[in-house]
Amino acid sequence: MLLIPCPWCGERDEDEFTYGGEAHIARPASPDALTDAEWADYLFMRKNTKGLFQERWMHAHGCRRWFNMVRDTVTHEITAVYRMGGKPPERTDS
Amino acid sequence: MTGQPFRIAEGGRIDRAKPLTFTFDGRAYQGFQGDTLASALLANGVRVVGRSFKYHRPRGIVTAGSEEPNALVQLRAGGRTEPNTRATCIELFDGLSAESQNRWPSVDFDLHALTGLFSRFMPSGFYYKTFKWPAWMWMTYEKFIRHAAGMGRSPTVADPDRYDHRYGHCDVLIAGAGPAGLAAALAAGRTGARVIVADERCEPGGSLLDHAATQGGPSAPSAAADWIAQSVAELEAMPEVTLLRRCTVFGYYDHNMLGLLEQVADHQSQSQSKADPFQPRQRLWQVRAKQVVLATGAIERPIVFAGNDRPGVMLAAAARAYVNRYGVRPGNRAVVFTNNDSAYEAALDLAAAGVAVAAIVDCRAEGGALTETARAQGMDCLTGYAVVAAKGGKRVTGVTVMALAEDGDAGGKVTGGRRAIACDLVCVSGGWNPTVHLHSQSRGKVRFDDAIAAFVPGESFQAERSAGAARGTFATAACRAEGAAAGGEAARLAGFGDTPPPAPSGDEPRQAALAPAGAPLWSVPQAPGGHGKRFVDQQHDVTAEDVALAVREGYHSVEHLKRYTTLGMATDQGRTSNVIGLAILAQLLGKDIAAVGATTFRPPYTPVCLGAITGRETGRHFAPTRRSAMHPWHQARGARFVAAGMWLRPQFYARPNEAMMDAIHREAKHVRQHVGMVDVSTLGKIDIQGPDAAEFLNRVYINGFKKLETGRCRYGVMLREDGLVFDDGTVTRLSENRYLMTTTTAHAGPVMAHLEYHLQVTWPELKVHVVSVTEEWSAIAIAGPHSRAVLERVAGGIDMSNRAFPFMGFRQGAVAGVPGRVFRISFSGELAYEINVPADHGLFVWEAMMEAGGAFDIIPYGTEAMSILRTEKGHVVGGEIDGRTSADDLGFGRMMSQAKDFIGKHSARRPGLVDGHRQQLVGLTPTDRKTRIPRGARIVAEPIGQVPKSGAATPVGMIGAVTSQCYSPNLDTPIALALVERGRDRHGEILYAASPVAGITVPVTVRDPVFIDPQGERLRG
Ligand SMILES: [Zn+2]
């Protein structure tokens, strides 16, 4: 079970969090202008990274804040957490 | 009551002043405090404790620890019964009762043992090859196999005992309290670090407790016993150290989270555990440790030879433990068979305890360091020999010994004449396997160490290190030194103590006497003409021949071998068999063991009861129960409650002698004719505030919200981003920048999460705050033609006239003197209002309204009547909003704004969601206006006749399904809502509602889903 450092609350058990998948996927400003293929890319297509992965988590049983986290999908090592809207640290694969 | 013929007169760690009575297979025996069930059975001369899984051969006790493959018993009876418990781990208590498993009708006379005679028909993979085909026979075979195998019985009644969960946090967790673990604990504890030490046995000390020298006592003080006692005393005096006995570290998970099972009361009799009513039977710990020391010791492994499963064949260290620790002779005349020195220590201890040692059979040509010592004591040491077969049935009666042609060759040949040696005990040692399970679970690598012919921990993956026998260091002094170093290092890395611990002195060799020299002997080949079974995995009856067969059939990967033969997949997880199976596989493939690889160990290390995993979360504690403020009133009026998520809601209020359906129909009818009240506190309520609140609502609902005026409510529908309907509800503009959103009961949580997600992730620039206020408000819906009149009596300060307070209006004001919110919204289709008051006043206001309504014959109504009322009005709920329907399917197509973007808009125009063949919401009535439309019925265009049992059913195209159905007391006909392909074009058509489950097909007329007051005159009146 992961020990996740919530940027607001500190280290907490994975049990307290919900997973939000790949980070830094912005909702298109004008969906009407997109083709179905472009829209499908936003809605459905996600990376399946082996290694460092930027993803979203939410501290559901805590502060209920969404944040970004960089986790190695092979080792589960957490190398960074940063707030929504923050820039990912350098040296990540995705 | 029998005596204890195999009990030694004195010595051991048992308390002879405390005799205990227990029963095994219905027969009473006596043992002593400090015994295990296994040692007490051995003391009483009980040798057969079970029958084997496949061949039903008689089986005896093999080990003295948790690795036991054979002695599985059904412990206790009734709700406390527990199958597959290891007799070697059960501490004896007064009144204990256990039954052997895998035997029918008794362990001594077992009909199924006849299958042993046909065993050539039951080779490896037999199930897969035979029983799986033809498929339809599998059900028959499986019953036979399950009965024949009989791996214990599950309890059939609830467990009356309590199981606890506990979370722990520490700087250093130490698994095992043997010499290495205790030394590690002392080193870590002395730095002031927070330390947890867990050991599976009842007493710290590890394998030292099994040695003759440790028994000590006032008459024979010993350094080892003193060291253990002093260490434990020092640890228990440290405030930051927790020493857990009877506590197994069973799992090693990510980020140094470990699972521990503490058997708090398993060793106590019923009356003992009753003394403390708050004591759980077991306690499951989840411990997050900064650093971990694995001092889990090593497990002796057997050597495979023909008949090696005969009762009386046991591991040498186990025999030693029974003699020294429990004062029990496991036999009268022993043959010791070994490839290393450790069994000599056992032989010497056995001899000292009065067991005749008939011979020591040592496969090493030159013997070992203790061979001369044994010879000096008059023991017959046959070096360069091997036991090729054990004889006997329910008890070993002797062994056949032959010379090994090549010294210690792992695939050695036996040669020369046979020598028979009579004995009733065979003590075997094939070397020692470090217990690397937790290291492997933590994703640490293991490597094969040729020096000790065993897997040892390799590179660590998490913050853990192994020490002592767990790392292949067997000499006691070296284990202590290594433990101290590991404990000190762990504490230092956790931030405690700055002096590096002293390096191990190296005075004593790491392996001492325990490692087999050179290539170990894993299995002894059959003597010429021999055919006895050579067991690798005794619990699953896997033989060396089975492994060879699997290899011949191409199962060369160790994982495939495991699954094909089931080697190592029994409840003991192959603790004594895995490495041997691997070695045999390697030999057959002509490879090194290291090249064949090791299997991965997975949690749990030893079985964990479901009760412990569940903890207190059983029965009504499985989930919280939510009750509204008006709950006591409903209860006092005889409401029957129904679970709606975690909420309890009144389902209906039956009058004396009133049947359920009568009560429901009465309530639904009464609301339309007079007035009724329903508790709707469970609906989700979300307070939305901020200058961008209107913009935000506009983006999450399909319909427009920017023009909603203060004091007005609006119905809204939300989609998911994939275009399907998510939830519906109302939004009320309370003031300029403040809105109140209601959700369905079921979706209160998910809608809140949906809003939070979009505010924080999608549009962080919007200045909006959302907060769930469901619990802050009690909510009452009052519906029916007299609802205005009732409300006027309790909320006189609000002008209730239709002009001043129209449909979809909102007013604040006192209700029964309590500041409240009044919404003119209607779920039933009648003139109706919803009143919200602060939750603490809910019961008071409810009672005041009931009283005010007395003059109008007001009644309370429950969820069943509410459901009928909404079905009559064609309102959709969970049955229709099931995650597969689009807004257009449900008739909300025209609500979707073209003037703005909203969540799900782009997806809603996907071809699959706009194609003309989608199922659309319709109403149904049976053509005879009498027959109830079956729940969940499929809608078909042609009637389905009776399908003959033998014949093939003709496929019938399904064009829809019933989503809600009831009898409408107001229309006096059954009605239903359904989703039907192109349903809106079918009004007036006759279709069929077919229920193969109920066995009926009902002709139905398709119609508009709004059955009552389609113009909405009642609710606007
Ligand atoms: Zn948090």
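Good morning, colleagues. Please keep in mind throughout that the model on the screen is predicted.

I begin with chain A on its own. Chain A is built from one helix and six strands. Following the sequence, the order of these elements is β-β-β-α-β-β-β. Taken along the principal axes, the C-alpha atoms of chain A fill a box of roughly 40 × 30 × 20 Å.

I turn now to the interface. On the side of chain A, 25 residues are in contact with 28 residues of chain B. Between them, the two chains bury about 2,300 Å², and carbon and sulfur atoms account for 48% of that area. Which residues of chain A lose the most area to chain B? They are Met1(A), Arg27(A) and Trp66(A), which together make up 28% of what the chain A side buries.

Next come the polar interactions across this interface. There are 18 residue pairs in polar contact between chain A and chain B, counting pairs with both residues at pLDDT 80 or more. The salt bridges between chain A and chain B number six. One salt bridge joins the side chains of Asp13(A) and Arg288(B), with an N to O distance of 2.3 Å.

Which elements of chain A give two or more residues to the side that touches chain B? They are α1, residues 36-43, and β4, residues 52-58. The largest share of that side comes from α1(A), with four residues. Sorted by class, the side of chain A that touches chain B holds 14 nonpolar, three polar and eight charged residues.

I move on to chain B and a pair of packed helices. Two packed helices are described by the angle between their axes and the distance between the axes. Helix α5 of chain B, residues 179-189, packs against helix α12 of chain B, residues 476-493, at an angle of about 35°, and their axes are 7 Å apart. The crossing of α5(B) and α12(B) is right-handed. From α5(B), the contact is made by Pro179(B), Ala180(B), Ala183(B), Ala184(B), Ala187(B) and Ala188(B). The residues from α12(B) include Gly483(B), Ala484(B), Gly487(B), Gly488(B) and Ala491(B), along with Arg480(B). By class, the residues of this helix contact are nine nonpolar, four polar and one charged.

Over all chains, the count of salt bridges comes to 55. One of them pairs the side chains of Asp309(B) and Arg59(B), at 2.9 Å from N to O.

I close with two backbone features of chain B. Pro603(B) and Pro604(B) are joined by a cis peptide bond, with omega about -5°. Pro604(B) is found in the loop between α16 (593-596) and α17 (610-614) of chain B. His56(B), a residue other than glycine, has a positive phi near 55°. His56(B) is found in the loop between β3 (50-51) and β4 of chain B.

Thank you for your attention.

Notes. Residues are numbered from 1 along each chain as its sequence is written. Chains are lettered from A and ligands numbered from 1 in the order in which they are written. This is a predicted model: local features need pLDDT of at least 70, side-chain atom pairs count only at pLDDT 80 or more; totals for chains, interfaces and linings use all residues. Side-chain values use heavy atoms; hydrogens and water are left out. Contact means heavy atoms within 4.5 Å. Buried area is the accessible area (1.4 Å probe) that two parts lose on being put together, summed over both. A salt bridge is a side-chain nitrogen of Lys or Arg within 4 Å of a carboxyl oxygen of Asp or Glu. A polar contact is a pair of N or O atoms within 3.5 Å; within protein, one must be able to donate a hydrogen and the other to accept it, and residues adjacent in sequence count only if both atoms are side-chain atoms. Ala, Val, Leu, Ile, Met, Phe, Trp, Tyr, Cys and Pro count as nonpolar, Asp, Glu, Lys and Arg as charged, and the others, Gly among them, as polar. Axes are lines fitted to C-alpha atoms, for helices over the stretch in contact, and angles run from 0 to 180 degrees between N-to-C directions. A crossing is left-handed if the near helix is turned anticlockwise from the far one by less than a right angle, and right-handed if clockwise.
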